[in-house]
Amino acid sequence: MLIRIIGAGAAGLTAAFELLRQAEALGRDIAVEIVEKAEGPGRGCSHYAGGMIAPWCEAESTEPIVATLGAEALEFWTETFPVAEKRGSLVVAPRRDRPDLIQFSRRTTHFVTLDREGIAALEPDLAENFDFGLYFEAEAHLAPREALAKLAEALAAKPNATLRYGVDATTLADDADWTLDCRGFAAKPDLAGLRGVKGEMIIIRAPDLNLTRPVRMVHPRHPVYLVPRPDGTIMVGATMVENEERARVTAQSVVELVNSAFALNPAFALAEIVETGSDVRPSFADNLPRIRREGRRLFLNGLYRHGFLLSPPLASRAARVVLEDAHFPEVMDEDRGQRRTA
Amino acid sequence: MNDPLNFYGVTLQSRLLVGTSQYPSPAILADALAASKTEVVTVSLRREAGGSRAGEGFWGLIRETGLRVLPNTAGCRTVKEAVTTAHMARELFATKWIKLEVIGDDDLLAPDPFGLVEAARILCDEGFEVFPYMTEDLLLADRLVEAGCRVLMPWAAPIGSGRGLNNVFGLRALRARYPDIPLVIDAGLGAPSQASQAFELGFDAVLLNTAIAKAGDPVAMARAFALACEAGRTAYKALTIEPRDMAEPSTPVLGRAFT
């Protein structure tokens with residue numbers, strides 16, 4: 001059985017991984033072909049992702065299913081394909097936004113509260129400015145670009161998987177038994193109700209400062225997070241703008257992102273801006289992910305700002321649809337249209 | 001009870017106007033709008049437009065609600081930005097209505113009264129029907145009415161602060177000075193009781209965004225505000241009793257046994 005996967009981002013690569021893993025466990029003989037129009041893996045919006053595997057923090061502003069599915073992603077990225085570091089997440093707020101942090105704590109679980117000493121023990125560079133924080137100990141983070149490169153490498157090493165880069169899938173004959181369309185926003189013309197939500201990020205280097213885990217700063221209008229990368233840089237993200245402009249980082253957004261870093265520690269003012277980037281998050285009207293089935297074609301899409309958090313649970317379900325004809329009403333809809341419309 | 005509201009000749013039954021930003025998702029926004037029974041939604045354009053009006057996806061969802069759109073100039077800091085955004089809004093939503101915001105201060109998101117009056121003059125002269133987001137200052141109200149505004153939208157408190165009616169005295173004075181101009185409380189409300197209070201003071205409508213969008217359950221909160229608005233307005237029309245210092249027994253004291 002040939003399964004063609006279109007798109008080598010977080011959704012496509014995890015789907016390939018889960019298909020091969022489950023087929024092996026079931027003793028089924030399958031071949032997986034991953035077709036990507038770019039010249040390498042993870043070049044779409046995955047490239048700009050934060051890489052936080054933070055199901056409980058996300059519960060602050062998402063529906064409960066995101067935390068439920070996200071808990072599976074923690075296992076995937078720390079055990080099944082261990083590229084994430086489990087160092088927890090820290091949530092803080094400037095003193096004036098303390099009410100927002102208290103509100104955050106009321107809407108989330110799985111955290112402990114920290115005072116200045118507690119913060120100093122985890123992230124010494126933050127203790128000067130913060131005396132109250134929430135610590136989500138069981139959460140993890142990964143470096144998106146490295147994680148997808150490793151995943152692609154692991155897949156390429158398997159005898160029954162092929163990766164083809166620089167190939168436009170529409171030029172291929174429709175000869176696969178199943179097709180998993182994981183193109184993200186590029187699938188918009190074929191997916192009713194898919195919209196883009198713009199996000200912008202920057203990467204900074206601040207040799208004098210050390211962060212060892214993701215830090216979220218609560219803010220009434222511009223919540224921001226900082227995620228340390230293995231090369232010593234820090235990713236600061238991400239704006240959320242309801243438009244579909246892929247590549248244009250605005251001055252206002254850079255000011256907001258830099259300001260937040262500055263509020264964490266004023267020494268960030270002298271950090272080097274290494275990169276700015278933007279893309280759109282593929283999203284349905286409820287901002288929840290979908291496996292949409294059209295015969296023997298599955299669309300995995302709508303992962304919104306949760307590409308790494310929701311791709312493993314979506315991938316494992318898609319694999320079971322293909323291999324076992326399973327059905328998952330909580331994330332699936334048929335080609336009749338959307339499960340829920342705005 | 002037939003008690004319509006009139007904005008620039010448009011008659012509305014609902015006295016609650018609702019903002020469309022910061023919801024967990026457009027689907028929850030749509031459900032909250034339905035629960036609020038609002039007829040008017042306000043939409044921001046400035047940042048969403050991007051380089052090439054790339055906000056069409058979201059604006060399309062707003063149009064699909066079928067509600068009357070009051071576009072706003074949120075995020076504009078200069079007269080020129082606000083006027084340009086108003087022009088774009090008129091084209092995108094085919095409406096003369098514009099909720100005019102010229103922000104003067106980042107910490108309080110306070111209106112810049114000077115820029116507001118200037119932008120209001122320009123837009124009124126161009127035929128826009130302007131809904132100015134303002135402080136409760138009486139002289140500012142005078143200037144805006146002179147400029148041609150026939151609806152005024154004073155804040156209750158800074159945007160998103162949830163503090164309720166900060167200056168009841170000032171708001172009463174504004175109501176007394178302009179008994180015939182529709183006055184809408186715009187920004188600063190957090191709890192439904194605060195919306196009721198605005199209506200009890202005689203305000204004609206309230207506009208909300210954060211209080212609903214950031215509530216734990218936006219849809220339930222939208223319904224709570226709808227009820228509170230109806231309660232406050234009904235109470236105002238029913239003429240509340242004057243507060244007094246001494247008790248007023250509801251049955252005569254004289255003649256009761258043992259007094």
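A salt bridge is a side-chain nitrogen of Lys or Arg within 4 Å of a carboxyl oxygen of Asp or Glu. By this criterion, zero salt bridges are counted between chain A and chain B. The model is predicted: local features need pLDDT of at least 70, side-chain atom pairs count only at pLDDT 80 or more, and totals for chains, interfaces and linings use all residues. Side-chain values use heavy atoms, without hydrogens and water.

Three residue pairs between chain A and chain B, both residues at pLDDT 80 or more, are in polar contact (a pair of N or O atoms within 3.5 Å; within protein, one must be able to donate a hydrogen and the other to accept it, and residues adjacent in sequence count only if both atoms are side-chain atoms). On the side of chain A that touches chain B, β10 (195–205) and α7 (251–264) of chain A each supply at least two residues. The largest share, three residues, comes from α7(A). This side of chain A has five nonpolar, eight polar and 13 charged residues (Ala, Val, Leu, Ile, Met, Phe, Trp, Tyr, Cys and Pro count as nonpolar, Asp, Glu, Lys and Arg as charged, and the others, Gly among them, as polar).

Within chain A, helix α1 (residues 10–26) packs with helix α6 (residues 144–156) at an angle of about 35 degrees, their axes 10 Å apart (axes are lines fitted to C-alpha atoms, for helices over the stretch in contact, and angles run from 0 to 180 degrees between N-to-C directions; helices are DSSP runs of H or I, at least four residues, and strands of E, at least two, numbered from the N terminus). Residues of the contact (heavy atoms within 4.5 Å) include Leu13(A) and Phe17(A) of α1(A) and Leu148(A) and Leu151(A) of α6(A). The contact of α1(A) with α6(A) has nine nonpolar, one polar and no charged residues.

Definitions and conventions: Residues numbered from 1 in each chain as written. Chains lettered and ligands numbered in written order.
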